[in-house]
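Here is a short briefing for a first look at this structure. Keep the sequence and the model side by side as you read.

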Amino acid sequence: MTSVQAVVVELLPHAVVKVKLANEAMVLAHAAGAAKTNFLRVRPGDRVQVELSPHDPGRGRIVRLLEKT
């Protein structure tokens, strides 16, 4: 899995968020297991670390909150 930094753009239903990568690509992401158990709360504008899926580069999971706005 490729790990990249991204910015949260939009919150979607069912705990899915739309994030924007450094290369301007938009990806749908959800919280990873540890982030879910620690009640990770993200808002638009937050910087997060995302692991991209090797099978579908348009999907990923949030593994860490880097900076809150």
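The model is a predicted one.

**Serine 3 and its surroundings**
- Serine 3 sits in strand β1, which covers residues 2-12.
- Setting aside neighbours within four places in sequence, serine 3 touches Gln49, Val50 and Glu51.
- A polar contact of 2.6 Å joins the side chain of serine 3 to the side chain of glutamine 49.
- Methionine 26 is 23 residues away from serine 3 along the chain, and their C-alpha atoms are 15 Å apart.

**Strands β1, β4 and β5**
- Strands β1 and β4 pair in the antiparallel sense, over six bridges.
- Glutamine 49 in β4 is the bridge partner of glutamine 5.
- On β5, arginine 64 is the residue opposite glutamine 49.
- β4 and β5 also pair in the antiparallel sense, with six bridges.
- These two strands, β4 and β5, form a hairpin with six residues between them.

**Strands β2 and β3**
- Strand β2 spans residues 16-21 and pairs with β3 in the antiparallel sense over five bridges.
- Lysine 20 has methionine 26 of β3 as its bridge partner.
- Four residues lie between the strands in the hairpin of β2 and β3.
- Glutamate 24 in this hairpin takes a positive phi near 70°.

- Strand β3 runs over residues 26-31.
- Its covered face holds Val27, Ala29 and Ala31.
- Its uncovered face holds Met26, Leu28 and His30.
- β3 pairs with β5 in the parallel sense, over four bridges.
- Alanine 29 has glycine 60 as its bridge partner in β5.

**Aspartate 56 in the loop**
- Aspartate 56 lies in the loop between β4 (47-52) and β5 (59-67).
- Its relative accessible area is 38%, so aspartate 56 is partly exposed.
- The C-alpha atoms of aspartate 56 and valine 27 are 9.9 Å apart, with the two residues 29 places from each other along the chain.
- Valine 27 belongs to the covered face of β3.

Conventions: Residues are numbered from 1 along each chain as its sequence is written. This is a predicted model: local features need pLDDT of at least 70, side-chain atom pairs count only at pLDDT 80 or more; totals for chains, interfaces and linings use all residues. Side-chain values use heavy atoms; hydrogens and water are left out. Contact means heavy atoms within 4.5 Å. A polar contact is a pair of N or O atoms within 3.5 Å; within protein, one must be able to donate a hydrogen and the other to accept it, and residues adjacent in sequence count only if both atoms are side-chain atoms. Buried means under 20% relative accessible area, exposed over 50%, partly exposed in between (1.4 Å probe, protein chains only). Two strands pair if DSSP finds at least two bridges between them.
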